[in-house]
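Hi,

Here is the structure I promised to pass on to you. My notes on its charged side chains follow below.

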Amino acid sequence: MLPQNRRLRHLQGIYLRNLSFTRPHGRAADDLEADLPSTKSQALHDGPSPSYLLHHAHSSESLINTTKSNARLRSTTTLAGANNITRQKQLEYTIEGRTADVFFSLHCEGAKEDPLYISEVIERAINFNFRFFDLSQAGPSITRKSQFVLKIWAKRQLSWSLLLTQNVDLRSLNYLGSLQNYQFPPNCLVFHLIDGIYSFELSSKRPEPKQAPALPTSSYNALMKLSNLDNSIQDALATREALTAQINSILEHTPPDTVPQAQESASLASKYVTAQTRALRAAQTRRADLQASIAARRTAIQEGRIAQTKAAEDVKHAQSKLPASLASLTSTRETIHGQRRRICEDLAHIFPIVPSPSGAALSFQICGVPLPNTDYDPTVSSATEDSLSAALGFVAQLTHALQFYLSVPLPYPVSPFGSRSSIRDDISLLPDSQREFPLFLRGGATAQYRFDYAWFLLNKDIETLCVSAGLKVVDIRHTLPNLKYLLYVCSAGRDEVPERKRGGVRGLWAGRMKGRSVADDGASVSTAGSRSRPGSADSEAHGGRQRDALMGKVAGTGAGALLNPTAASGPGAGRSASRERKSDGEANGNGNGNGNAAGGPSGLPSVGKIGLPFDEGDMKLTLRTKGMRENVGAHG
């Protein structure tokens, strides 16, 4: 960069080398400003100086440093035999005398008193590389200048002082190129511009020529063309100025024409009127919409008030019924609790759980079949396996019934099939074909595992029932103790157990006879119109009338035989009665004895002709269980 082109905006950084607080020997600060000749050179040229000549004066700091340097020279011989601690302290004193905390500030003439830029503080150093900065934001009045004032501030002994003030003219700097291979004098300032490094004290280094392509030069004809073109442009500018002056003079002498301006104003006013008319129509439409919305809201508010009034009346009416409803709810809950107590007592009698005859602790049996507490020998005999399966079947049946009576859904549904019961796991991540687990032993390691897991799921169901009743299960492996404890708690209470609701077999009889009629001499007895609740007084009276009428119609001529049971007693009575029933059935075309005619040779009525609900004429009972285990196991 040429010296005349260097500006303050090109300055990017400042370096300080060889920090020193010592003035040059033989010259004071005022001597440096006055640029007086050195006393040494004067003595060499003129010989001994007379007493009336002016000598250079030492400043106070120079005198102190000179005294310290003389003392240091005298004391250097004492360090030869000094120990390491003394040498270390002497080195620290020397470093403390050379280092300091330094920052600089830039000032510009004609600008404000505040500095243009203040650098950061670098602590305890001799050579300082300050951070780069950018002065392009200071404005063109500052960035276009080539001269500025640089002030160096130093801190020694807990106080800041002005170390150096330098008037810098960027056009007078010497180009260095880099900081290497240079011996810097004390307090040497180095300036970093966009094209390289510059300094005052060091000699200038010729920058390397830039490698740039050769530019073509212009010929004489091209220069003449440019000159003619410039003359033409000047003539055109002069012509434009003359025409502008003529137009201005004509406009000054011609009166203004207001018609176009008035037309433009009228057109603009019509546009405004059209826009306002459109806005008015939109506002009217908006007002109509708002009025309709307000009317709809008023209607909705009125309906809401009516609904609110009705709801308040309903609440008031419901509050009057609330005590009766609460009493009914309490009574219903007590009734449900009593019925649950009765059912649990019945279940405890149906499935008796008593201590095992072996007398072991926590060993019980259900329905006379012992069941261990999940601890058994897998190598037992088949008879023990059947006993275990039967006991688990009873437990599964009891658990399955309790879930309905206690209104507690089981997490693992149970399928009670006697000694071939099973349980299903729909919670775990298992294939659908393997979710059914048998509660009986089939042999094999896999079957043993599935049986153990089924027993565990059954114990979890029992635990769920116990938790619903507020019981805490200590060990879920105690199957029968937990189940007996549950039945004991559910059937416990201070009040008496309520009686069983009326109905039972009589209710079944009424349901069997409902819709069936028996005709005799055009008279029929029907129960299709009965709508009374089974077990009520009306149902009992109605059922009694039906029963008397039916028995009166059925007995007929054989009433005497029914009233005299001894007529049919004696040896061979059963065989004769059977033969009579068979002959009656054959006479009526029905081999099973369910004919329609009453009476026979002996005068006894045929029970099959009535169609009792427990007629076992067609029922065949068998105790065959062979193959049941294999079939159930295959389905499982």
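**Salt bridges and exposure**

R171 is partly exposed, with a relative accessibility of 40%; the classes here are buried for under 20% relative accessible area, exposed for over 50%, and partly exposed in between (1.4 Å probe, protein chains only). Before going further, please note that this is a predicted model, where local features need pLDDT of at least 70, side-chain atom pairs count only at pLDDT 80 or more, and totals for chains, interfaces and linings use all residues. Residues are numbered from 1 along each chain as its sequence is written, and side-chain values use heavy atoms, with hydrogens and water left out.

The partner of R171 is D169: their side chains form a salt bridge with an N to O distance of 3.3 Å. By salt bridge I mean a side-chain nitrogen of Lys or Arg within 4 Å of a carboxyl oxygen of Asp or Glu. D169 itself is buried, at 17% relative accessible area.

How many salt bridges does this rule give? The count is 8. One of them links R240 and E241, whose closest N and O atoms lie 3.7 Å apart. E241 is partly exposed, at 47% relative accessibility.

Another pair is D432 with R435, again a salt bridge, at 3.3 Å from N to O. Here D432 is exposed, with 60% relative accessible area, whereas R435 is buried, at 11%. There is also a network: R424, D426 and E436 are joined into one by salt bridges that share partners.
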